[in-house]
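Reader: I am new to this structure. Please walk me through the terms used for it.

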Amino acid sequence: MSKASVNEKLNAEYKQIRFEAEQNLEDRLQAALQIPQFKALYVERKAIALELSKKNTQELKDQYQKVSKELLDLINNNKIDLNIYFKCKDCKDTGYINGKPCHCRLAMSKRLLKAESNLPKFATATFEDSKFSTLKVAQAKKMESIYKDCKRWADNIDNASKRTIFLMGSVGTGKTTLSFCIANELLNNGHSVYFATAFDLATLIIDKQFNRLQNIDNYYNMLDADLLIIDDLGTEPQNTLMQEGLFAIVDSRINENKKTVICTNLTEAQFAKRYGERSTSRLTSASFAYKPSFIDGDDLRKIKC
Ligand SMILES: [Zn+2]
């Protein structure tokens with residue numbers, strides 16, 4: 001999802017919220033106008049206001065004040081509610097305070113980005129709650145330093161020189177959890193993310209090629225996302241069309257300075273054997289990729305990380 005389309009969606013959402021608030025007030029006003037006394041004063045006050053806009057005399061001003069007072073007394077005595085109710089009192093449902101996005105707009109943007117991210121529901125891991133204290137010292141040190149590097153990268157994503165993060169490691173060493181931490185860090189900072197297993201992504205690519213995508217938005221959310229996470233690369237079926245499509249996407253993302261995180265259980269040698277030297281060197285080249293050494297050790301799924 002691109003920033004522009006997030007903003008477009010949010011603007012439309014706020015337009016709708018304000019419309020509903022105004023409509024709600026309009027409904028109550030129409031109900032109040034059924035009271036003859038209210039209607040008479042309301043119409044009279046409007047007529048005086050119109051006169052006042054043409055000639056600003058003291059007599060008209062006095063009249064206006066008198067009718068306004070009578071109208072207000074009537075409203076109070078009959079408990080007529082003509083307040084406008086905003087969902088957010090802070091920004092009055094404009095989404096902005098002094099030109100800066102209101103907390104309600106930031107929260108809405110986060111919800112929208114998360115909804116379109118394809119992240120699984122359980123992908124709640126953040127850098128803040130990552131703990132390595134139960135690991136062996138060497139593994140803990142290594143993971144801590146990789147997590148630190150990834151957090152720095154995520155916090156500086158717009159200017160990061162590394163366009164891909166290449167996480168190789170044995171099953172259960174926390175690569176996917178780390179990718180969730182990166183995803184949530186970016187979502188919190190208002191960036192778009194798309195998460196897909198290599199299998200899902202390959203299916204998306206094939207379906208797009210054969211024009212049988214059920215939801216084209218998924219495809220473009222994936223393509224436009226500030227960050228694409230490809231999980232479990234190497235587990236998708238070995239199919240030339242899929243692999244070419246997959247690499248074309250990653251390659252175009254590198255060229256467009258969009259960021260990609262790749263998680264794989266393969267070693268670099270296995271990776272090169274499966275995808276060829278050219279793709280491997282393109283994906284893991286030191287000038288584009290942050291590639292920590294192969295992560296192995298205890299299965300982190302057995303501990304809270
Ligand atoms: Zn607000």
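**Strands, core and helices**

Author: Start at one residue pair: Thr-164 stands opposite Ala-289 in S7. The model is a predicted one.

Reader: What makes S3 and S7 a pair?

Author: Pairing needs at least two bridges between the strands. Strand S3 (residues 164-168) and S7 have 2 bridges, in the parallel sense. They therefore count as paired.

Reader: Which strands form the sheet, and in what order?

Author: The order is S4-S5-S6-S3-S7. These 5 strands form an open sheet with parallel pairing.

Reader: Why do S4 and strand S7 (289-290) stand at the edges?

Author: Each has a single partner strand, so one side of each is left without a neighbour in the sheet. For S4, the bridges go to strand S5 (residues 227-233). There are 5 of them, and the two strands run parallel. Thr-197 faces Asp-231 of S5.

Reader: Is S4 mostly covered or mostly open?

Author: Mostly covered. In S4 (residues 193-197), 4 of 5 residues are buried.

Reader: How do you know that Leu-178 is buried?

Author: Count its neighbours. Leu-178 has 27 C-beta neighbours inside 10 Å. The cut-off for buried is 20 or more. Leu-178 therefore counts as buried. This residue lies in helix H6. Beyond four places in sequence, Leu-178 contacts Tyr-147, Cys-150 and Leu-167. Thr-240 is 62 residues from Leu-178 in sequence, and their C-alpha atoms are 29 Å apart.

Reader: Which residues touch the most other members of the largest nonpolar core?

Author: Ala-183 and Val-193, out of 45 residues in that core. Elements that each supply at least two residues include S3, S4, S5 and helix H7 (198-209). H6 gives the largest share, 7 residues. Val-193 is also in contact with Ala-183. Other contacts of Val-193, beyond four places in sequence, include Leu-113, Leu-186 and Ile-229.

Reader: Why are H10 and H11 called oblique to each other?

Author: Look at the angle. The axes of helix H10 (residues 268-275) and helix H11 (residues 277-284) cross at roughly 130 degrees. Roughly perpendicular ends at 115, and roughly antiparallel needs over 145. The crossing falls in the rest, so H10 and H11 are oblique. Their axes come within 7 Å.

Reader: Which residues meet there, between H10 and H11?

Author: From H10, Glu-268, Phe-271, Ala-272 and Tyr-275. From H11, Glu-277, Ser-279, Thr-280 and Thr-284. The residues of this contact divide into 3 nonpolar, 3 polar and 2 charged.

Note on methods:
Residues are numbered from 1 along each chain as its sequence is written. This is a predicted model: local features need pLDDT of at least 70, side-chain atom pairs count only at pLDDT 80 or more; totals for chains, interfaces and linings use all residues. A residue is buried if 20 or more other C-beta atoms lie within 10 Å of its own, exposed if 12 or fewer, and partly exposed in between; C-beta atoms are placed from the backbone. Axes are lines fitted to C-alpha atoms, for helices over the stretch in contact, and angles run from 0 to 180 degrees between N-to-C directions. Angles under 35 degrees count as roughly parallel, over 145 as roughly antiparallel, 65 to 115 as roughly perpendicular and the rest as oblique. Two residues are in contact if their C-beta atoms, placed from the backbone, lie within 7 Å. Ala, Val, Leu, Ile, Met, Phe, Trp, Tyr, Cys and Pro count as nonpolar, Asp, Glu, Lys and Arg as charged, and the others, Gly among them, as polar. A nonpolar core is a set of buried Ala, Val, Leu, Ile, Met, Phe, Trp, Tyr and Cys residues joined through C-beta atoms within 7 Å.
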